[in-house]
Amino acid sequence: MSQRRKGTIKAPSGRAPSQRQLRIGELLRAALSEIFTRRDVLDPVLREAIITVSEVRASPDLKNAVAYIVPLGHSDPASVVDALNHAKKFYRGEVSRAVTLKHMPDLTFAPDTTFDYAESVDAMLSSPKVAQDLDKDLDKDLDKDLDKDLKDPESDPESDIGGEG
């Protein structure tokens, strides 16, 4: 079972990634995106899938990089990830032609589950029980704002209630 990727980017040591890691990750992401748009692969699973690279995380020593992908238009995302990991040496070579680095990191592909997580949070917030609580909080805030405006109508410069016409 795959773990959900956290929204905060942190290295396994618990520290945030360095500026260099972020820069290398973005270079690799751009290169992989360009390679995936060409679709010059022989694997039928990869040929029919539209692959979006949402993020690439480089390790602190820059020897490894994990590319988080979202396969669009494909019924089985796991098969796309497996096919990419099977062809990762090919993609490493293609990226090394596009990006000039002293040492090219070893690539690993993983499914990006942040969109699924965001969708589940959105569904949770849309549930009737949570919506009921949010509506109560919104009503309280609107009542406070209305009371404030009624007490001091000149506090709002855009309001014409203040007497000047």
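Start your tour by selecting Asp82 and His86 in helix α3: both are exposed (over 50% relative accessible area, with a 1.4 Å probe and protein chains only). Helices here are DSSP runs of H or I with at least four residues, strands are runs of E with at least two, and both are numbered from the N terminus. Before you go on, note that this is a predicted model, in which local features need pLDDT of at least 70, side-chain atom pairs count only at pLDDT 80 or more, and totals for chains, interfaces and linings use all residues. Residues are numbered from 1 along each chain as its sequence is written, and side-chain values use heavy atoms, leaving out hydrogens and water.

**Across helix α3**

Now select the rest of the story in α3, residues 77-86: Val80, Val81, Ala83 and Leu84 are buried, meaning under 20% relative accessible area. These four lie on the same side of α3 because they cover an arc of only 160° around the axis, taken from the directions from the helix axis to the C-beta atoms. Asp82 and His86 are on the other side. Show what covers the buried residues, and you will find, among others, α1 (19-38), β1 (50-58) and α4 (88-98).

**Into the core**

Which residues does Leu84 touch, leaving aside those up to four places away in sequence? Select Phe36, Leu46, Ile51, Ile69, Tyr91 and Phe109; contact means heavy atoms within 4.5 Å. Leu84 is also one of the residues with the most contacts inside the largest nonpolar core, along with Leu32, Tyr91, Val95 and Phe109. That core has 27 residues, being a set of buried Ala, Val, Leu, Ile, Met, Phe, Trp, Tyr and Cys residues joined through side-chain atoms within 4.5 Å.

**A stop at Glu94**

Move to helix α4 and pick Glu94. Is Glu94 buried or exposed? Glu94 counts as buried because its relative accessibility is 15%. Beyond residues up to four places away in sequence, Glu94 touches Ile35 and Arg38.

**Last stop: the lining of a cavity**

Finally, select Ile35, Phe36, Arg39, Asp40, Val41, Leu46, Ala49, Ile51 and Tyr91, which line the largest cavity. A cavity is a set of points on a 1 Å grid over the protein atoms alone where a 1.4 Å probe fits but cannot get out, and lining residues have an atom within 4 Å of a point.

Notes. 1 Å grid on protein atoms, 1.4 Å probe; cavity = no way out; pocket = protein on both sides within 12 Å on 5 of 7 lines; lining within 4 Å.
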